[in-house]
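Here is a short briefing on one protein model. It covers a helix pair, a strand pair and the nonpolar cores.

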Amino acid sequence: MKADEKNYYIAVDLGATSGRVILASYDGEKVETQEIHRFKHPMLPIAGHIFWNLPGLYNEILTGLRTASVKLGEIGAEARSIGIDTWGCDVAYFHPDGTVAGLPYCYRDPHTEGAVDKFCAEKMPREKVYEKTGIQFMDFNTLFQLYTIGKEEGNAVKSADKILFMPDALAYMLTGNAVTEYTVASTSQILNPTTGELDAELLEKIGLTADRFGRLVNPGTRIGTLTPGVQQATGLGAVPVIAVAGHDTASAVIGVPAKDDKFAYLSCGTWSLLGIEAPGPIINEKGFDYNFTNEGGIDGTIRFLKNICGLWLLERSRTELKDAPENVADLCALYTESDIDSTINPDDPAFANPKSMTEAIRDYCRRTGQAVPESAADFMRVIFRSLALRYKEVIGWLRKLSPNEINTLHVIGGGCQNAHLMQLTADSTGLPVVAGPSESTALGNILVQLRADGRVSDIAEMRRVAVNSTVTKTYFPR
(Lines give C-alpha, C1' and ligand atoms only; values in the text may rest on other atoms or scores of the structure.)
Protein backbone atom coordinates (compact mmCIF):
# COMPACT_ATOMS: atom_id res chain seq x y z
CA MET A 1 0.00 0.00 0.00
CA LYS A 2 1.35 3.44 -0.94
CA ALA A 3 2.14 5.93 1.80
CA ASP A 4 -0.48 8.37 0.54
CA GLU A 5 -3.18 5.74 1.17
CA LYS A 6 -2.41 5.74 4.88
CA ASN A 7 -2.51 8.41 7.54
CA TYR A 8 0.31 8.66 10.07
CA TYR A 9 0.23 9.60 13.75
CA ILE A 10 2.81 9.76 16.55
CA ALA A 11 2.15 8.40 20.04
CA VAL A 12 4.38 9.24 23.00
CA ASP A 13 3.76 6.63 25.70
CA LEU A 14 5.56 7.11 29.01
CA GLY A 15 5.49 4.48 31.72
CA ALA A 16 6.96 4.78 35.17
CA THR A 17 10.29 3.20 34.18
CA SER A 18 10.61 3.65 30.42
CA GLY A 19 9.18 5.62 27.53
CA ARG A 20 8.51 5.04 23.86
CA VAL A 21 7.78 7.05 20.77
CA ILE A 22 5.62 5.16 18.28
CA LEU A 23 4.85 5.87 14.65
CA ALA A 24 1.42 4.55 13.68
CA SER A 25 -0.41 4.24 10.38
CA TYR A 26 -4.14 3.86 9.73
CA ASP A 27 -5.53 2.47 6.48
CA GLY A 28 -9.23 2.88 7.26
CA GLU A 29 -9.54 -0.52 8.93
CA LYS A 30 -6.69 -1.14 11.33
CA VAL A 31 -3.82 0.59 13.09
CA GLU A 32 -0.26 -0.61 12.63
CA THR A 33 2.44 0.62 15.00
CA GLN A 34 6.21 0.80 14.89
CA GLU A 35 8.29 1.64 17.95
CA ILE A 36 10.91 4.11 16.73
CA HIS A 37 12.48 5.24 20.01
CA ARG A 38 12.62 3.59 23.44
CA PHE A 39 14.40 4.94 26.47
CA LYS A 40 14.80 4.40 30.19
CA HIS A 41 14.04 7.24 32.57
CA PRO A 42 15.13 6.31 36.08
CA MET A 43 13.90 8.13 39.14
CA LEU A 44 16.38 10.76 40.37
CA PRO A 45 17.41 10.57 44.04
CA ILE A 46 18.41 14.09 45.12
CA ALA A 47 18.79 15.45 48.68
CA GLY A 48 16.82 12.60 50.20
CA HIS A 49 13.93 12.87 47.74
CA ILE A 50 12.97 11.20 44.46
CA PHE A 51 12.22 13.31 41.39
CA TRP A 52 11.49 12.91 37.69
CA ASN A 53 13.96 14.31 35.17
CA LEU A 54 11.42 16.37 33.22
CA PRO A 55 13.99 18.07 30.93
CA GLY A 56 15.47 14.62 30.20
CA LEU A 57 12.02 13.23 29.31
CA TYR A 58 11.40 16.21 27.03
CA ASN A 59 14.75 15.71 25.32
CA GLU A 60 14.01 12.01 24.71
CA ILE A 61 10.67 12.97 23.16
CA LEU A 62 12.48 15.40 20.83
CA THR A 63 14.80 12.56 19.82
CA GLY A 64 11.81 10.38 19.03
CA LEU A 65 10.14 13.14 17.04
CA ARG A 66 13.34 13.66 15.02
CA THR A 67 13.41 9.94 14.25
CA ALA A 68 9.76 10.07 13.20
CA SER A 69 10.51 13.03 10.93
CA VAL A 70 13.27 11.09 9.18
CA LYS A 71 11.14 7.98 8.72
CA LEU A 72 8.18 9.95 7.41
CA GLY A 73 10.49 11.78 5.02
CA GLU A 74 11.75 8.47 3.65
CA ILE A 75 8.22 7.46 2.62
CA GLY A 76 7.06 10.89 1.59
CA ALA A 77 4.44 11.19 4.34
CA GLU A 78 3.59 13.68 7.09
CA ALA A 79 2.37 13.23 10.66
CA ARG A 80 -1.28 14.20 11.14
CA SER A 81 -0.91 14.69 14.91
CA ILE A 82 0.95 13.81 18.12
CA GLY A 83 -0.47 12.55 21.44
CA ILE A 84 1.15 12.02 24.85
CA ASP A 85 0.10 9.71 27.69
CA THR A 86 1.85 9.11 31.02
CA TRP A 87 1.21 7.87 34.53
CA GLY A 88 -1.09 9.91 36.78
CA CYS A 89 -0.92 12.00 39.96
CA ASP A 90 2.48 13.65 39.53
CA VAL A 91 2.67 17.29 38.47
CA ALA A 92 5.26 19.73 37.12
CA TYR A 93 5.61 23.45 37.80
CA PHE A 94 6.33 26.31 35.40
CA HIS A 95 7.29 29.98 35.69
CA PRO A 96 5.30 32.60 33.72
CA ASP A 97 7.92 32.52 30.93
CA GLY A 98 7.36 28.78 30.41
CA THR A 99 10.57 27.62 32.06
CA VAL A 100 10.54 24.73 34.51
CA ALA A 101 10.16 25.68 38.18
CA GLY A 102 12.02 22.76 39.75
CA LEU A 103 11.85 19.03 39.14
CA PRO A 104 8.54 17.21 39.72
CA TYR A 105 8.37 14.86 42.68
CA CYS A 106 8.01 11.16 41.90
CA TYR A 107 4.95 9.51 43.44
CA ARG A 108 7.27 7.00 45.15
CA ASP A 109 9.00 9.74 47.15
CA PRO A 110 8.47 9.14 50.87
CA HIS A 111 7.60 12.78 51.66
CA THR A 112 3.86 11.97 51.47
CA GLU A 113 3.93 9.03 53.88
CA GLY A 114 0.99 9.47 56.25
CA ALA A 115 -0.32 12.44 54.24
CA VAL A 116 -3.84 11.01 53.90
CA ASP A 117 -4.28 10.75 57.65
CA LYS A 118 -2.79 14.21 58.25
CA PHE A 119 -4.92 15.93 55.61
CA CYS A 120 -8.13 14.23 56.69
CA ALA A 121 -7.50 15.09 60.34
CA GLU A 122 -6.59 18.71 59.61
CA LYS A 123 -8.60 19.70 56.52
CA MET A 124 -11.50 17.40 55.60
CA PRO A 125 -12.83 13.99 56.76
CA ARG A 126 -12.16 10.96 54.53
CA GLU A 127 -15.86 10.37 53.93
CA LYS A 128 -16.34 13.90 52.56
CA VAL A 129 -13.23 13.70 50.36
CA TYR A 130 -14.49 10.41 48.88
CA GLU A 131 -18.00 11.81 48.45
CA LYS A 132 -16.55 14.70 46.44
CA THR A 133 -14.03 12.75 44.34
CA GLY A 134 -14.76 9.01 44.49
CA ILE A 135 -11.01 8.44 44.39
CA GLN A 136 -9.06 5.68 46.09
CA PHE A 137 -7.02 6.96 49.04
CA MET A 138 -3.30 6.74 48.33
CA ASP A 139 -0.66 8.92 49.96
CA PHE A 140 0.77 10.00 46.60
CA ASN A 141 -2.49 11.32 45.10
CA THR A 142 -1.97 14.86 43.82
CA LEU A 143 -4.16 16.33 46.56
CA PHE A 144 -1.80 14.99 49.22
CA GLN A 145 1.36 15.78 47.26
CA LEU A 146 0.34 19.43 46.94
CA TYR A 147 -0.78 19.54 50.57
CA THR A 148 2.60 18.20 51.71
CA ILE A 149 4.72 20.31 49.38
CA GLY A 150 2.71 23.42 50.31
CA LYS A 151 4.00 23.16 53.87
CA GLU A 152 7.63 23.49 52.73
CA GLU A 153 9.42 26.82 52.70
CA GLY A 154 10.30 28.19 49.26
CA ASN A 155 8.46 25.40 47.52
CA ALA A 156 7.75 25.20 43.78
CA VAL A 157 3.98 25.28 44.29
CA LYS A 158 4.10 28.83 45.67
CA SER A 159 6.40 30.18 42.96
CA ALA A 160 4.83 28.41 39.99
CA ASP A 161 2.56 30.17 37.51
CA LYS A 162 1.20 26.85 36.19
CA ILE A 163 0.78 23.42 37.78
CA LEU A 164 0.42 20.77 35.08
CA PHE A 165 0.05 17.00 35.11
CA MET A 166 2.88 15.15 33.39
CA PRO A 167 1.35 14.67 29.90
CA ASP A 168 0.05 18.24 29.95
CA ALA A 169 3.45 19.53 31.07
CA LEU A 170 5.19 17.86 28.14
CA ALA A 171 2.51 19.08 25.71
CA TYR A 172 3.04 22.60 27.12
CA MET A 173 6.76 22.34 26.44
CA LEU A 174 6.01 21.29 22.84
CA THR A 175 3.26 23.82 22.07
CA GLY A 176 3.38 26.66 24.60
CA ASN A 177 -0.30 26.04 25.44
CA ALA A 178 -1.34 24.91 28.94
CA VAL A 179 -4.25 22.50 29.40
CA THR A 180 -5.45 20.09 32.05
CA GLU A 181 -6.66 16.92 30.34
CA TYR A 182 -9.69 15.38 32.06
CA THR A 183 -8.61 11.73 32.44
CA VAL A 184 -5.23 12.47 34.00
CA ALA A 185 -6.73 15.19 36.21
CA SER A 186 -9.25 12.64 37.46
CA THR A 187 -6.44 10.67 39.16
CA SER A 188 -5.60 13.63 41.40
CA GLN A 189 -8.33 13.43 44.06
CA ILE A 190 -8.99 17.09 43.27
CA LEU A 191 -11.45 16.63 40.40
CA ASN A 192 -15.14 16.09 41.15
CA PRO A 193 -16.44 13.43 38.69
CA THR A 194 -20.05 14.54 39.18
CA THR A 195 -19.42 18.16 38.16
CA GLY A 196 -16.48 17.37 35.86
CA GLU A 197 -14.51 20.27 37.37
CA LEU A 198 -11.65 20.74 39.81
CA ASP A 199 -13.28 20.99 43.22
CA ALA A 200 -13.00 24.53 44.57
CA GLU A 201 -13.33 23.52 48.24
CA LEU A 202 -10.55 20.93 48.03
CA LEU A 203 -8.31 23.40 46.21
CA GLU A 204 -9.02 26.02 48.89
CA LYS A 205 -7.90 23.52 51.55
CA ILE A 206 -4.44 23.40 49.94
CA GLY A 207 -4.27 27.11 49.19
CA LEU A 208 -4.84 26.91 45.44
CA THR A 209 -7.39 27.97 42.84
CA ALA A 210 -8.33 26.42 39.52
CA ASP A 211 -6.60 29.17 37.53
CA ARG A 212 -3.23 27.79 38.67
CA PHE A 213 -3.87 24.82 36.38
CA GLY A 214 -4.40 24.72 32.62
CA ARG A 215 -7.89 24.97 31.10
CA LEU A 216 -9.75 21.68 31.54
CA VAL A 217 -10.19 19.77 28.26
CA ASN A 218 -11.60 16.39 27.19
CA PRO A 219 -9.76 13.70 25.21
CA GLY A 220 -9.60 14.61 21.55
CA THR A 221 -9.08 18.35 22.09
CA ARG A 222 -6.44 20.05 19.95
CA ILE A 223 -3.92 21.69 22.31
CA GLY A 224 -1.94 23.54 19.65
CA THR A 225 0.85 22.97 17.15
CA LEU A 226 4.56 22.42 17.68
CA THR A 227 6.33 25.69 18.41
CA PRO A 228 8.73 27.03 15.78
CA GLY A 229 11.63 26.02 18.02
CA VAL A 230 10.40 22.44 18.31
CA GLN A 231 9.74 22.33 14.56
CA GLN A 232 13.34 23.35 13.94
CA ALA A 233 14.69 20.89 16.52
CA THR A 234 12.76 17.91 15.13
CA GLY A 235 12.36 18.56 11.41
CA LEU A 236 8.60 18.25 11.71
CA GLY A 237 6.23 20.95 10.56
CA ALA A 238 3.42 22.63 12.49
CA VAL A 239 1.99 19.28 13.59
CA PRO A 240 -1.03 19.46 15.93
CA VAL A 241 -0.64 18.06 19.45
CA ILE A 242 -3.85 16.39 20.63
CA ALA A 243 -4.92 15.94 24.24
CA VAL A 244 -5.46 12.19 24.06
CA ALA A 245 -6.58 10.31 27.17
CA GLY A 246 -3.50 11.58 28.97
CA HIS A 247 -3.58 9.00 31.77
CA ASP A 248 -1.98 5.85 30.39
CA THR A 249 -4.65 3.58 31.89
CA ALA A 250 -7.40 5.64 30.29
CA SER A 251 -5.66 5.24 26.92
CA ALA A 252 -5.17 1.53 27.58
CA VAL A 253 -8.87 0.98 28.30
CA ILE A 254 -9.80 2.72 25.04
CA GLY A 255 -7.58 0.15 23.30
CA VAL A 256 -9.35 -2.87 24.84
CA PRO A 257 -10.61 -5.07 21.94
CA ALA A 258 -13.96 -5.78 23.63
CA LYS A 259 -16.99 -6.89 21.61
CA ASP A 260 -19.58 -6.04 24.30
CA ASP A 261 -19.78 -4.30 27.68
CA LYS A 262 -19.80 -7.44 29.85
CA PHE A 263 -16.14 -7.32 30.75
CA ALA A 264 -13.67 -6.18 33.34
CA TYR A 265 -10.21 -5.00 32.35
CA LEU A 266 -6.84 -5.51 33.97
CA SER A 267 -4.08 -3.15 32.90
CA CYS A 268 -1.13 -5.28 33.89
CA GLY A 269 2.21 -3.56 34.23
CA THR A 270 4.18 -1.94 37.06
CA TRP A 271 0.73 -1.35 38.52
CA SER A 272 -2.25 -3.66 38.10
CA LEU A 273 -5.40 -1.62 37.53
CA LEU A 274 -8.51 -3.76 37.67
CA GLY A 275 -11.93 -2.36 36.94
CA ILE A 276 -14.88 -1.73 34.64
CA GLU A 277 -16.18 1.03 32.40
CA ALA A 278 -19.24 2.59 34.01
CA PRO A 279 -21.64 5.18 32.56
CA GLY A 280 -21.17 7.42 35.61
CA PRO A 281 -19.42 7.59 38.99
CA ILE A 282 -20.11 4.87 41.56
CA ILE A 283 -19.67 6.65 44.88
CA ASN A 284 -21.18 4.80 47.80
CA GLU A 285 -20.32 3.23 51.14
CA LYS A 286 -19.13 -0.06 49.67
CA GLY A 287 -16.86 1.73 47.19
CA PHE A 288 -15.44 3.74 50.08
CA ASP A 289 -14.93 0.61 52.21
CA TYR A 290 -13.20 -1.28 49.38
CA ASN A 291 -11.20 1.84 48.44
CA PHE A 292 -12.25 1.87 44.77
CA THR A 293 -11.55 4.82 42.51
CA ASN A 294 -13.66 6.69 39.93
CA GLU A 295 -11.38 7.98 37.19
CA GLY A 296 -12.32 9.67 33.94
CA GLY A 297 -12.67 7.82 30.66
CA ILE A 298 -13.68 8.62 27.12
CA ASP A 299 -17.02 10.30 26.39
CA GLY A 300 -17.91 10.89 30.03
CA THR A 301 -17.47 7.26 31.08
CA ILE A 302 -15.94 6.39 34.43
CA ARG A 303 -13.15 3.90 34.96
CA PHE A 304 -14.30 2.35 38.20
CA LEU A 305 -11.24 0.46 39.36
CA LYS A 306 -8.81 -0.46 42.06
CA ASN A 307 -5.06 0.12 41.95
CA ILE A 308 -3.10 -3.00 42.88
CA CYS A 309 0.65 -3.18 43.29
CA GLY A 310 1.52 -5.17 40.17
CA LEU A 311 4.69 -6.31 38.41
CA TRP A 312 6.62 -3.74 40.44
CA LEU A 313 7.15 -6.74 42.71
CA LEU A 314 8.83 -8.61 39.87
CA GLU A 315 10.72 -5.61 38.48
CA ARG A 316 12.34 -4.87 41.81
CA SER A 317 12.96 -8.50 42.78
CA ARG A 318 14.71 -9.48 39.55
CA THR A 319 17.49 -6.94 40.17
CA GLU A 320 18.27 -8.64 43.48
CA LEU A 321 18.05 -12.33 42.58
CA LYS A 322 21.55 -13.66 41.95
CA ASP A 323 20.26 -16.88 40.34
CA ALA A 324 17.80 -15.08 38.07
CA PRO A 325 18.12 -15.30 34.27
CA GLU A 326 18.51 -11.91 32.57
CA ASN A 327 15.72 -12.70 30.10
CA VAL A 328 12.33 -11.90 31.69
CA ALA A 329 10.54 -14.76 29.91
CA ASP A 330 13.12 -17.25 31.20
CA LEU A 331 12.77 -15.80 34.70
CA CYS A 332 8.97 -16.11 34.62
CA ALA A 333 9.26 -19.71 33.39
CA LEU A 334 11.01 -20.62 36.66
CA TYR A 335 7.55 -20.44 38.25
CA THR A 336 7.02 -24.12 37.36
CA GLU A 337 10.14 -25.21 39.25
CA SER A 338 8.86 -24.26 42.71
CA ASP A 339 6.08 -25.68 44.87
CA ILE A 340 6.13 -23.06 47.64
CA ASP A 341 2.59 -22.19 48.80
CA SER A 342 3.30 -18.85 50.50
CA THR A 343 1.39 -15.76 49.36
CA ILE A 344 1.60 -12.06 50.14
CA ASN A 345 -0.82 -9.13 49.99
CA PRO A 346 0.66 -7.13 47.08
CA ASP A 347 -0.85 -3.94 48.50
CA ASP A 348 0.81 -4.19 51.90
CA PRO A 349 2.68 -0.88 52.50
CA ALA A 350 5.88 -2.88 52.94
CA PHE A 351 6.07 -3.33 49.16
CA ALA A 352 5.58 0.32 48.13
CA ASN A 353 9.29 1.15 47.79
CA PRO A 354 11.42 -1.00 50.10
CA LYS A 355 15.20 -0.92 50.13
CA SER A 356 15.11 -4.59 49.20
CA MET A 357 11.99 -6.13 47.63
CA THR A 358 13.15 -9.71 48.15
CA GLU A 359 13.80 -9.05 51.82
CA ALA A 360 10.41 -7.33 52.18
CA ILE A 361 8.72 -10.44 50.72
CA ARG A 362 10.73 -12.72 53.02
CA ASP A 363 9.84 -10.58 56.06
CA TYR A 364 6.15 -10.69 55.16
CA CYS A 365 6.24 -14.49 54.94
CA ARG A 366 8.04 -14.74 58.27
CA ARG A 367 5.53 -12.39 59.93
CA THR A 368 2.61 -14.42 58.63
CA GLY A 369 4.06 -17.82 59.57
CA GLN A 370 4.62 -19.02 55.99
CA ALA A 371 7.52 -20.68 54.21
CA VAL A 372 10.19 -18.15 53.25
CA PRO A 373 11.11 -18.00 49.52
CA GLU A 374 14.77 -18.52 48.73
CA SER A 375 15.29 -19.22 45.03
CA ALA A 376 14.27 -17.14 42.02
CA ALA A 377 11.68 -19.85 41.24
CA ASP A 378 10.20 -19.43 44.73
CA PHE A 379 9.86 -15.69 44.27
CA MET A 380 8.18 -16.07 40.89
CA ARG A 381 5.65 -18.48 42.34
CA VAL A 382 4.93 -16.30 45.38
CA ILE A 383 4.51 -13.15 43.26
CA PHE A 384 2.33 -14.70 40.52
CA ARG A 385 0.06 -16.64 42.87
CA SER A 386 -0.34 -13.60 45.13
CA LEU A 387 -1.32 -11.35 42.23
CA ALA A 388 -3.82 -13.90 40.88
CA LEU A 389 -5.45 -14.24 44.30
CA ARG A 390 -5.65 -10.46 44.69
CA TYR A 391 -7.32 -10.23 41.27
CA LYS A 392 -9.88 -12.80 42.38
CA GLU A 393 -10.63 -10.79 45.52
CA VAL A 394 -11.06 -7.52 43.63
CA ILE A 395 -13.24 -9.15 40.93
CA GLY A 396 -15.48 -10.35 43.76
CA TRP A 397 -15.85 -6.80 45.06
CA LEU A 398 -16.44 -5.46 41.54
CA ARG A 399 -19.31 -7.89 41.02
CA LYS A 400 -21.05 -6.42 44.06
CA LEU A 401 -20.67 -2.88 42.72
CA SER A 402 -20.79 -3.13 38.92
CA PRO A 403 -23.94 -2.17 36.98
CA ASN A 404 -22.81 -4.64 34.27
CA GLU A 405 -22.31 -8.39 34.19
CA ILE A 406 -18.67 -9.48 34.16
CA ASN A 407 -18.24 -12.49 31.86
CA THR A 408 -14.71 -11.85 30.58
CA LEU A 409 -11.48 -10.36 31.87
CA HIS A 410 -9.48 -8.44 29.25
CA VAL A 411 -5.82 -8.15 30.24
CA ILE A 412 -3.78 -5.46 28.52
CA GLY A 413 -0.27 -4.14 28.96
CA GLY A 414 3.07 -5.91 29.14
CA GLY A 415 1.94 -8.41 31.78
CA CYS A 416 -0.49 -10.01 29.31
CA GLN A 417 2.52 -11.75 27.75
CA ASN A 418 3.19 -13.65 30.99
CA ALA A 419 1.44 -16.95 30.21
CA HIS A 420 1.90 -18.32 33.74
CA LEU A 421 0.26 -15.29 35.35
CA MET A 422 -2.55 -15.27 32.77
CA GLN A 423 -3.43 -18.93 33.36
CA LEU A 424 -3.27 -18.46 37.13
CA THR A 425 -5.59 -15.45 36.78
CA ALA A 426 -8.11 -17.45 34.74
CA ASP A 427 -7.99 -20.30 37.28
CA SER A 428 -8.29 -17.95 40.24
CA THR A 429 -11.10 -15.71 38.95
CA GLY A 430 -13.01 -18.41 37.05
CA LEU A 431 -13.20 -16.07 34.04
CA PRO A 432 -11.91 -16.46 30.50
CA VAL A 433 -8.86 -14.19 30.27
CA VAL A 434 -8.38 -12.48 26.91
CA ALA A 435 -4.73 -11.42 26.87
CA GLY A 436 -3.71 -8.59 24.57
CA PRO A 437 -2.72 -6.27 23.24
CA SER A 438 0.43 -5.57 25.19
CA GLU A 439 0.52 -2.18 23.45
CA SER A 440 -3.03 -1.22 24.36
CA THR A 441 -1.98 2.16 25.74
CA ALA A 442 -0.34 3.25 22.50
CA LEU A 443 -3.33 1.94 20.54
CA GLY A 444 -5.76 3.94 22.69
CA ASN A 445 -3.57 7.02 22.28
CA ILE A 446 -3.76 6.64 18.48
CA LEU A 447 -7.51 5.91 18.48
CA VAL A 448 -8.23 9.27 20.14
CA GLN A 449 -6.04 10.99 17.56
CA LEU A 450 -8.00 9.22 14.81
CA ARG A 451 -11.25 10.58 16.20
CA ALA A 452 -9.81 14.08 16.54
CA ASP A 453 -8.81 13.76 12.88
CA GLY A 454 -12.33 12.68 11.85
CA ARG A 455 -11.27 9.13 10.90
CA VAL A 456 -13.54 7.42 13.45
CA SER A 457 -16.73 8.82 14.88
CA ASP A 458 -17.45 7.27 18.29
CA ILE A 459 -16.35 4.74 20.90
CA ALA A 460 -18.10 1.86 19.09
CA GLU A 461 -16.05 2.53 15.97
CA MET A 462 -12.90 2.90 18.05
CA ARG A 463 -13.57 -0.54 19.57
CA ARG A 464 -14.06 -1.98 16.08
CA VAL A 465 -10.69 -0.62 14.98
CA ALA A 466 -9.12 -1.98 18.20
CA VAL A 467 -10.46 -5.48 17.41
CA ASN A 468 -9.15 -5.24 13.83
CA SER A 469 -5.73 -4.09 15.05
CA THR A 470 -5.19 -6.65 17.78
CA VAL A 471 -4.00 -10.24 18.20
CA THR A 472 -5.15 -11.82 21.47
CA LYS A 473 -4.84 -15.15 23.25
CA THR A 474 -7.59 -16.55 25.50
CA TYR A 475 -6.88 -18.52 28.69
CA PHE A 476 -9.76 -20.58 30.05
CA PRO A 477 -10.17 -21.61 33.71
CA ARG A 478 -8.98 -25.15 34.36
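Helices α14 (residues 357-367) and α15 pack with their axes 12 Å apart, at an angle of about 70°. Angles of 65 to 115 degrees count as roughly perpendicular, so α14 and α15 are roughly perpendicular to each other. The model is predicted.

**Helix packing**
- The crossing of α14 and α15 is left-handed.
- On the α14 side, Thr 358, Ile 361 and Arg 362 make the contact.
- On the α15 side, the contact comes from Phe 379, Val 382 and Ile 383.

**Nonpolar cores**
- The largest nonpolar core holds 92 residues.
- Within this core, Tyr 93 and Phe 119 touch the most other members.
- Helix α15 (residues 376-401) gives the most to the core, with 15 residues.
- A second, separate core has 58 residues, among them Leu 14, Ala 77, Ile 84 and Cys 106.

- Strand β7 spans residues 91-94.
- Val 91 and Tyr 93 point one way from β7, while Ala 92 and Phe 94 point the other way.
- Side chains in a regular strand alternate between the two faces of the sheet.
- Val 91, Ala 92, Tyr 93 and Phe 94 are all buried.
- Strands β7 and β8 (residues 162-165) run antiparallel and are joined by 4 bridges.
- Val 91 has Phe 165 of β8 as its bridge partner.

**Around Tyr 93**

Notes: Residues numbered from 1 in each chain as written. Predicted model: local features only at pLDDT ≥ 70, side-chain atom pairs only at ≥ 80, totals over all residues. Heavy atoms only, no water. Core = buried A, V, L, I, M, F, W, Y, C linked by side-chain atoms within 4.5 Å. Buried < 20%, exposed > 50% of the residue type's maximum accessible area, 1.4 Å probe, protein only. Helix = DSSP H or I, 4+ residues; strand = E, 2+ residues; numbered from the N terminus. Pairing = 2+ DSSP bridges. Axes fitted to C-alpha atoms, helices over the stretch in contact; angles between N-to-C directions. Parallel < 35°, antiparallel > 145°, perpendicular 65-115°, else oblique. Left-handed = near helix turned anticlockwise from the far one by under 90°. Contact = heavy atoms within 4.5 Å.
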